[in-house]
Every structure is written in structure tokens, then in C-alpha cells.
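Here is a short note to read alongside the model. Please keep the structure open and look up each residue as you go.

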Amino acid sequence: DLTLDFILDERLRELHWEGHRRQDLVRFGKYAGANYNWTWKGNSQSGVGIPAYKNLYPIPAISLSSNPNLTQNIGY
């Protein structure tokens, strides 16, 4: 069966060394939260949920200081 979970798993196998995994998990809504865990997720060996604000990276301090129109992403 061709499902979204199958596609996500296939992308994991095919693009393992390409650095796409985190973005794929965010895109499929599986990165944040606790309904899809893996080993060492959330800095725990058994894997724990992480907050939704982690879907976005923080804006670097140098960018914030050089552009007053920027505001830091919520949670950072």
C-alpha cells in the first residue's frame, strides 16, 4: 500500500545521508509532539515528545542585532 508513512520511510532509506530527515518529519507533522518517537528524541534514550516551537530554528543573534525589524521565533 502506498501511504504517507510508507513514503516517509522510503525517503528515510533513500536519502539517509542527504540531510532531509528533519524537514520531512516537520512536513509530515511527526517531528514535534509525542505520537512519533525514536531513540534519543528529546535527549532521552527511549525518546520523548518535544514542543512544537522546535519545528522552527531560532534566528541567530547576529541577524537579530543587525536587523531591528526581525523578532525571535516564539519559544527561543
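1. Start with tryptophan 40, in the loop between α2 and α3. Helices here are DSSP runs of H or I with at least four residues, strands are runs of E with at least two, and both are numbered from the N terminus. Tryptophan 40 has a positive phi of about 70°, although it is not a glycine. Its side is open: tryptophan 40 is exposed, with a relative accessible area of 51%. (Exposed means over 50% relative accessible area, buried under 20%, partly exposed in between, with a 1.4 Å probe and protein chains only.)

2. A word on the source. This is a predicted model, where local features need pLDDT of at least 70, side-chain atom pairs count only at pLDDT 80 or more, and totals for chains, interfaces and linings use all residues. Residues are numbered from 1 along each chain as its sequence is written, and side-chain values use heavy atoms, with hydrogens and water left out.

3. Asparagine 43 lies in the loop between α2 and α3. Asparagine 43 has a positive phi of about 60° and is not a glycine. Its relative accessibility is 69%, so asparagine 43 counts as exposed.

4. Now lysine 41. This residue lies in the loop between α2 (21-27) and α3 (61-66). Is lysine 41 buried or exposed? Lysine 41 is buried, yet has no salt bridge. (A salt bridge is a side-chain nitrogen of Lys or Arg within 4 Å of a carboxyl oxygen of Asp or Glu.) The nearest side chain of opposite charge, aspartate 5, is 12 Å away. Lys and Arg count as positive, Asp and Glu as negative; His and the chain ends are not counted.

5. What does the side chain of lysine 41 reach? The backbone oxygen of tyrosine 31, at 3.0 Å. Leaving aside neighbours within four places in sequence, lysine 41 is in contact with several residues, including Tyr36, Val48 and Ile50. (Contact means heavy atoms within 4.5 Å.)

6. Arginine 27 lies in helix α2. Arginine 27 is exposed, with a relative accessible area of 53%. A polar contact of 2.9 Å joins the side chains of arginine 27 and aspartate 24. (A polar contact is a pair of N or O atoms within 3.5 Å; within protein, one must be able to donate a hydrogen and the other to accept it, and residues adjacent in sequence count only if both atoms are side-chain atoms.)

7. Last, leucine 2. Leucine 2 is found in the segment before α1 (4-14). Leucine 2 is exposed, at 69% relative accessible area.
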